[in-house]
Amino acid sequence: MSKIHTVTLPDIGEGVVEGEVIEWLKEVGEDLKQDEAVVIVMTDKATVELPAPYPGKLTKHYYAAGEVAIKDKPLYDIETEEIVAKKKVREQKKIDKTQLPEKEVKKTAITPCANHKSLATPPTRKLAKDLGININEIAGTGNDGRVTVEDLKKSIPHTKAQHVEIPRFPDDEVKKFSGIPHLMAESMLLSKSNAPHFSYFEQVDATRLIQLRQRFKREGIKEGIPITYMPFIIRALSLSINKYPHVNSALNNDMSELIIHNQHNIGIAITTDLGLIVPVLRAVQDMSIEEIIRNYELLKNDALQRKLKSKDMKGSTITISNFGVLGGGGMWATPIINYPEVAILAIGRIQKRPVVRNGEIAVRDTLNLSWSFDHRVIDGDTAANFSHYFASLLQNPAALL
């Protein structure tokens, strides 16, 4: 004998009350094994795969991809055997009975009060937190009283929300803009709205860096570890921060305090099948080049295999974006700072280019560096000196060892 068991969105932790459904890994009618991943959900903290609590058959999705699921509300149904269903009934009795029914949740979302949490998408909730806005005090104008980005803009003093009419044509194709791309879009808007950017470019002679990588590559083959240039870039960045610590800082919301981080938590932008994510390599200042190589490889593999945990995506203090891996011959970029950080580095592909050496033209392997800095914290002189020092470490990489 079987019974339908409804699985709710679990407590993912850290005050998360909702999450956007990114992708269903199992379709209605498919069999589920216990602990088999069923759905990918994105919160403002992380993107996670949620496993099936019991074996059975998936019979219903309560949300489509792109819709927002609410904690403790139905997420999907599993048809289970009776013995499994009875076990779940016992567990269900332990759930806090003080939860508001769905109708009351909608009602309180429309009229904010001191003891409730407003409805909002995870990216909007993160944006409110970054702007220092108590989202529970905002009257939402979205569906079911949901707080929107426009609501947040209207709550900022002296900020006038702009509405731009977008032209529409009969053959237009409209796609849902959600998930990680939507979160990235709001993060970019937040950064450009708060931090006055300026960019600085530099070209590095990568001849000796290539030689050093080849030396490590031979050792890496013995251990089955691929050796890329990224660990050397990370090591050089950390050593440069030691000399110019203000580049590894953040300015608080009212610009009354500058927080200089002693931890070098370096975010590395990685393109995955879910979109662009920025996992964090922590405490790089305490790592040798060999430790950076191993830890970076583990982090990269976890990102590509969707194994990252919430903590792996938080707490970066400066970011590197490698557009060189995307192919093509791009030379420079103007990356957007991962706010509230104050600096970001974009690196291109190492390419042979004509350069002037000792008054003569020579062909050398060169690496282009594209920096963006928060001009409130980093002035032009600091940016130039920092970049020159970083470039010198790559051109003479013995100091990285």
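Residues are numbered from 1 along each chain as its sequence is written, and side-chain values use heavy atoms, with hydrogens and water left out. In this predicted model, local features need pLDDT of at least 70 and side-chain atom pairs count only at pLDDT 80 or more, while totals for chains, interfaces and linings use all residues.

**Salt bridges**

A salt bridge here is a side-chain nitrogen of Lys or Arg within 4 Å of a carboxyl oxygen of Asp or Glu. How many salt bridges does this rule give? The count comes to 16. The table lists some of them.

| Pair | N to O distance |
|---|---|
| Asp72 and Lys71 | 3.0 Å |
| Lys352 and Asp365 | 3.3 Å |
| Arg376 and Asp374 | 2.7 Å, closest atoms |

The Lys352–Asp365 pair links distant parts of the chain. Lys352 is in strand β17 (residues 351–357) and Asp365 is in strand β18 (residues 360–374), 13 residues apart. Strands are DSSP runs of E with at least two residues, helices are runs of H or I with at least four, and both are numbered from the N terminus.

How open are these side chains to the outside? Buried means under 20% relative accessible area, exposed means over 50%, and partly exposed lies in between (1.4 Å probe, protein chains only). Lys352 is exposed, at 59%. Arg376 is partly exposed at 29%, whereas Asp374 is buried at 1%. Asp72 is partly exposed at 29%. Lys71 is partly exposed too, at 24%.

Salt bridges also form a network. It links Glu23, Glu49, Asp273 and Arg306.

**A four-stranded sheet**

An open sheet has four strands in the order β5-β4-β2-β7. Their pairing is antiparallel. Two strands pair if DSSP finds at least two bridges between them. Which strands form the edges? They are β5 (47–51) and β7 (68–70), and each pairs on one side only. Neighbouring strands are turned by 45 degrees against each other on average, direction ignored.

Strand β2 (residues 18–24) pairs with β7 over three bridges, in the antiparallel sense. Gly19 has Ala69 of β7 as its bridge partner.

**Helix α9**

Helix α9 (residues 380–395) has 16 residues. From first C-alpha to last it reaches 22 Å, close to the 22 Å expected at 1.5 Å a residue. The expected span is 1.5 Å times one less than the number of residues.

Which residues of α9 are buried? They are Ala383, Ala384, Phe386, Ser387, Phe390, Ala391, Leu393 and Leu394. An α-helix has 3.6 residues a turn, so residues three or four places apart point the same way. The cover over the buried residues of α9 includes β9 (197–205), α6 (207–223), α7 (230–243), β16 (343–347) and β18.

**Asp312 in its loop**

Asp312 sits in the loop between α8 (289–304) and β15 (318–322). Is Asp312 buried or exposed? Asp312 is buried, with a relative accessible area of 12%. Residues up to four places away in sequence aside, Asp312 touches Val278, Pro279, Val280 and Leu299. Contact means heavy atoms within 4.5 Å.

Conventions. Axes fitted to C-alpha atoms, helices over the stretch in contact; angles between N-to-C directions.
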